[in-house]
Amino acid sequence: EEHEVRILNFETYFKAPRCEFMIFTKEGPSAHGYDVPEMWDLIGSGTLERDTDTPNDTKFPYRSFSSQVIMPGERRAFYIALVDCHGDPWPIAVDFGTNHS
């Protein structure tokens with residue numbers, strides 16, 4: 001039996017104390033059209049602050065994006081842009097361009 005997957009949150013290893021973020025999604029793999037802004041839909045934005053208690057496990061603020069449903073057989077790509085970062089120098093995160101299909 002196949003089931004849908006519902007994405008409710010993201011978490012990241014995050015080194016900067018604070019950044020603004022935007023989360024985008026599109027149908028299909030990220031390799032096709034990753035550099036074409038018109039193909040991506042903005043699903044959320046906000047401020048990400050490093051969790052000082054568990055800095056390797058920073059979660060995006062609850063309800064900072066609309067939950068996403070992936071149906072059986074569907075492929076969906078996500079792109080998280082970290083902008084307006086304050087504090088520690090680059091790199092602000094350590095997981096660049098990872099595809100999870």
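Colleague: Which residue lies over the face of W40?

Modeller: A charge sits over a ring if NZ of Lys or CZ of Arg is within 6 Å of the ring centre and within 35 degrees of the ring normal. Here K26 lies over the face of W40, 5.6 Å from the ring centre. Keep in mind that this is a predicted model: local features need pLDDT of at least 70, side-chain atom pairs count only at pLDDT 80 or more, and totals for chains, interfaces and linings use all residues. Residues are numbered from 1 along each chain as its sequence is written, and side-chain values use heavy atoms, with hydrogens and water left out.

Colleague: Is W40 buried or exposed?

Modeller: Buried means under 20% relative accessible area, exposed over 50%, partly exposed in between (1.4 Å probe, protein chains only). W40 has 10%, so W40 is buried. F24 counts as buried too, at 18%, while Y79 is partly exposed at 46%.

Colleague: How do the rings of W40 and Y79 pair?

Modeller: Rings of Phe, Tyr and Trp (its six-membered ring) pair if their centres lie within 6.5 Å; planes under 30 degrees apart count as stacked, over 60 as edge-to-face and the rest as tilted. W40 and Y79 have centres 6.1 Å apart and planes at 55 degrees, so the pair is tilted.

Colleague: What polar contacts does the side chain of R76 make?

Modeller: A polar contact is a pair of N or O atoms within 3.5 Å; within protein, one must be able to donate a hydrogen and the other to accept it, and residues adjacent in sequence count only if both atoms are side-chain atoms. The R76 side chain makes one with the side chain of T25 at 3.0 Å and another with that of E74 at 3.4 Å.
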